[in-house]
Amino acid sequence: MVHGYAVADTLRRYDAMMYSAFITDFLHDAHLPRVSAREPAPDQRLIQRVAAAEDHEIAKTNGQEAGCIRSLLYVAAGGMDEAHRIVQGISTSDGAYIHGMVHRIEDDFDNARYWFRRAGSHPASAAMHSRAVGDRLTVASQPVWDPILVTDLVETSRAVGVTGDLRAVLTIEFEVLLRFLWDATEL
């Protein structure tokens, strides 16, 4: 438990009413948050499931949001090369934000900061910050959600270790971004 936030159970509350059956099953099997390219260990079974999924299983409509969701699922599964290939071709704020996440996870911190700057103030940032404030996390002391600060925290963790607070922050980022992208695919 981190400040009242049960990190290990965060995604277990999702059901098919919130997401497609594919995403719901994926979330129940995924080990989150993704802290680095090696933690948790990449899950080849989940990576293959994401690769085999049809767009309609991942998003309610086709388009760039479906690609972003697929890329985010690859990130969660540890398929960093696959995630990177997808977001390289998406020139939206969503694509740039996920591109920043990919580079952060790969310990390419300066490149991550570049992509977060390209993303600008992402539309999901307010929800990320609100959720962090509700959980009294480190990033809640800032006036807005700052993915560059999160990147700094991840970079620092490479020397001092990953805290429960950082795990909670990364989980919030993933959950809120996934929900934002899913909602953006509504007809």
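Ser36 itself belongs to the loop between helix H1 (21-29) and helix H2 (44-52); helices (H or I, at least four residues) and strands (E, at least two) are DSSP runs, numbered from the N terminus. With a relative accessible area of 7%, Ser36 is buried, where buried means under 20% relative accessible area, exposed over 50%, and partly exposed in between (1.4 Å probe, protein chains only). Setting aside neighbours within four places in sequence, Ser36 is in contact with Ile105 and Arg158, contact being heavy atoms within 4.5 Å.

The model is a predicted one, so local features need pLDDT of at least 70 and side-chain atom pairs count only at pLDDT 80 or more, while totals for chains, interfaces and linings use all residues. Residues are numbered from 1 along each chain as its sequence is written, and side-chain values use heavy atoms, with hydrogens and water left out.

As for the overall picture, the protein has 10 helices and 0 strands, and reading along the sequence gives the pattern α-α-α-α-α-α-α-α-α-α. Of its 187 residues, 52% count as buried. Looking at contacts between residues at least 6 apart in sequence, 65% join residues at least 24 apart.

Charged side chains come next. The structure holds 12 salt bridges, each a side-chain nitrogen of Lys or Arg within 4 Å of a carboxyl oxygen of Asp or Glu. One of them pairs Asp152 with Arg113 at 2.8 Å, N to O. Asp152 lies in helix H9 (residues 147-160) and Arg113 in helix H7 (residues 109-119), so this pair ties together parts that are 39 residues apart in sequence. Arg113 also meets Glu155 in a salt bridge, here at 2.5 Å, N to O. Since Arg113 is in helix H7 and Glu155 in helix H9, this pair ties together parts 42 residues apart in sequence. Arg113 is buried at 12% relative accessible area, whereas Asp152 is partly exposed at 30% and Glu155 is partly exposed at 34%. Elsewhere, salt bridges that share partners join Asp29, Asp43, Arg45 and Arg49 into one network. Within that group, the side chains of Asp43 and Arg45 meet at 3.6 Å, N to O; Asp43 counts as buried at 17% relative accessibility, and Arg45 as partly exposed at 45%.

Then there is the greasy side of things. The largest nonpolar core has 58 residues, and Ile23, Phe26, Ile69 and Ile98 touch the most other members. Helix H10 (residues 164-184) supplies the largest share of this core, 11 residues. Such a core is a set of buried Ala, Val, Leu, Ile, Met, Phe, Trp, Tyr and Cys residues joined through side-chain atoms within 4.5 Å. Phe26, leaving aside neighbours within four places in sequence, is in contact with Leu46, Arg49, Val50, Leu73, Ala76 and Ala77.

Over in helix H9 sits Pro147, which is buried, with a relative accessible area of 9%. The C-alpha atoms of Pro147 and Glu173 are separated by 8.8 Å, although the two residues are 26 apart along the chain. Glu173 is also among the contacts of Pro147 beyond four places in sequence, along with Tyr97, Arg104 and Phe116.

A search of the whole structure turns up 2 cavities of 30 Å³ or more. On a 1 Å grid over the protein atoms alone, a cavity is a set of points where a 1.4 Å probe fits but cannot get out, and lining residues have an atom within 4 Å of a point. Grid points are joined across faces, edges and corners, and a volume is the space filled by probe spheres set on the points. The largest cavity holds about 120 Å³ of space. Its lining is made up of 13 residues, with Arg34, Val75, Met101, Ile105 and Leu170 nearest its centre. Helix H4 (64-77), helix H6 (93-105) and H10 are the elements that give two or more residues to this lining.

Key:
1 Å grid on protein atoms, 1.4 Å probe; cavity = no way out; pocket = protein on both sides within 12 Å on 5 of 7 lines; lining within 4 Å.
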